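Here's a quick briefing to read with the model open beside you. Take it topic by topic and click along as you go.

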Amino acid sequence: MSMTAVTFSGLAGKLLAADPKFATLPTSLVIAATALSTGPMSMLMQRYSRRFGFRLGAGFGLLAGLVASASLYFGDFYMLCAAMALLGPFQSSAQYYRFAAAESVPATHAPRALSLVLVGGLIAAVLAPSATLYLNDSFAPYSFMGAFVFVVMMTTLVFVPIAFLKPLDKPLTVQDAEDKGEARPLSKIVRTPKFIVAVINGALGFAMMSFVMTATPLAIEACGFGTNVSARVIQGHVIAMFLPSLFTGHLISRFGLVPILLLGHVMFAIAFITALSGIQIWQFSVALIALGLGWNFCFIGGSSLLTQVHSDAEKGRVQGLNEFLVFGMSAVASFAAGIILDTYDWSLVNQAAFVMLVIAALVTLWWALWSEPRKAASLVN
């Protein structure tokens, strides 16, 4: 559902915006609103329960779908922007599904639990394009309206599994945890190498994916290909994002976090090199598939590493800050993608993404080659 909103918000934005430079503004507002609501949502969940937070987020998602559908009916760009901002709290609440899964199993099984949560995205990737194309045709001549009707339908279904979650037995506040000595100051946690590496891979991995993926439907259309082609390319991308979730957790358990993170970096490099090689459909498709694989390995790897950083009493603040940084960088990246694509070209989009990749790779290598060996040596001595 999230990929549906992101894909069609850019296309709907281009249809409704007076200036094409602002075509990706609705997409950026989704990510910005997600970033701004991640911290409050995390703290609400820690204080009142995951069930409370998931219900609240789903309510925002339902409202967002309704307003977005109305924006296409009335042809109102500002209403579309408002709808995408409303989608943010739903997006932020949904990001904690993976942490809820990790908390329900022993720590050694956390990577696999994180991976399996993302398998739901694979089902969506298979069904969503056909469903949205059918609904878009059904709601013609209101272009793309059917995609947001699909968002309404899917968000409504989210309430069903949430009903089976248990409420929190006893509210927990940050002050209570600090008074008992169960929580470290956040300023101390953010200086740990594991936190830095986890956030860099999660944030830059998501930013690279959002940056290139947001620009892709617009670039495909600019090359003379239709909306249906764009939807299929994005479908392949989303499948590549979530299909590895069936085995990414197992790979992390067997080979370790660093090799999987570096494999994600290699996939990103393949994506950008392929995109720079030409503008045929196969090049868009291969690039977006590699982009999806890179995101999966970096996102699951970074999330798995983050679970090693905090205690149960610290998770609200740490997870909230991580999600804020991840989606804050993604918001900037997605908005910049539209401007760069319109002002320059598709090549510069991918060249700029390479800069983010180099930073992520260098930080990860630094941790692998310097930080972790030093820690092991200190334990021996």
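Is Ser49 buried or exposed? Ser49 is buried, because its relative accessible area is 5%, and buried here means under 20%, with exposed over 50% and partly exposed in between (1.4 Å probe, protein chains only). A word on the ground rules: this is a predicted model, where local features need pLDDT of at least 70 and side-chain atom pairs count only at pLDDT 80 or more, while totals for chains, interfaces and linings use all residues. Residues are numbered from 1 along each chain as its sequence is written, and side-chain values use heavy atoms, with hydrogens and water left out.

**The overall picture**

- The chain has 17 helices and 0 strands; both are DSSP runs numbered from the N terminus, with helices (H or I) needing at least four residues and strands (E) at least two.
- For 381 residues, a compact globule would have a radius of gyration near 21 Å, and the chain agrees with that at 20 Å. The radius is taken over C-alpha atoms, and the globule rule is 2.2 Å times the number of residues to the power 0.38.
- Of the 381 residues, 53% count as buried.
- Take the contacts (heavy atoms within 4.5 Å) between residues at least 6 apart in sequence: 83% of them join residues at least 24 apart.
- The accessible surface comes to about 15,900 Å², and 70% of that belongs to carbon and sulfur atoms. Areas come from the Shrake-Rupley method with a 1.4 Å probe, and for residues only the protein chains shown count as cover.
- There are 21 positive and 16 negative charges, and their mean positions are 9 Å apart. Lys and Arg count as positive and Asp and Glu as negative, while His and the chain ends are not counted; each charge is placed at NZ of Lys, CZ of Arg, CG of Asp or CD of Glu.

**Aromatic rings**

- The structure holds 15 aromatic pairs. Rings of Phe, Tyr and Trp (its six-membered ring) pair if their centres lie within 6.5 Å; planes under 30 degrees apart count as stacked, over 60 as edge-to-face and the rest as tilted.
- One of the pairs is Phe206 with Trp295, edge-to-face at 5.7 Å centre to centre and 90 degrees between the planes. It links distant parts of the chain: Phe206 sits in helix H11 (residues 193-222) and Trp295 in helix H15 (residues 281-306), 89 residues apart.
- Both partners are buried: Phe206 has a relative accessible area of 9%, and Trp295 has 3%.
- Phe206 also pairs with Phe327, this time tilted, at 4.9 Å centre to centre and 50 degrees between the planes. Here H11 is linked to helix H16 (residues 315-343), which holds Phe327, and the two residues are 121 apart.
- Phe327 is buried, as is Phe206.
- Phe206, Phe242, Trp295, Phe299 and Phe327 form one aromatic cluster.

- Lys315 lies in helix H16 and counts as buried at 15% relative accessibility. Leaving out residues up to four places away in sequence, Lys315 touches Ser42, Gln46, Arg50, Glu103, His310 and Gly320.
- Pro26 is in helix H2 (residues 25-48) and is buried, with a relative accessible area of 0%. Beyond its neighbours within four places in sequence, Pro26 is in contact with Ser9, Gly13, Phe77, Leu80, Cys81 and Met84.
- Ala101 belongs to helix H5 (residues 97-103) and counts as buried at 15% relative accessibility. Not counting residues up to four places away, Ala101 touches Ala113 and Val117.

- Ser49 lies in the loop between H2 and helix H3 (50-74), and has a positive phi of about 115 degrees although it is not a glycine.
- Ala140 and Pro141 are joined by a cis peptide bond, with omega about 10 degrees. Pro141 lies in the loop between helix H7 (119-138) and helix H8 (145-162).
- Phe144 is in the loop between H7 and H8. Phe144 is not a glycine, yet has a positive phi of about 70 degrees, and counts as buried at 13% relative accessibility.
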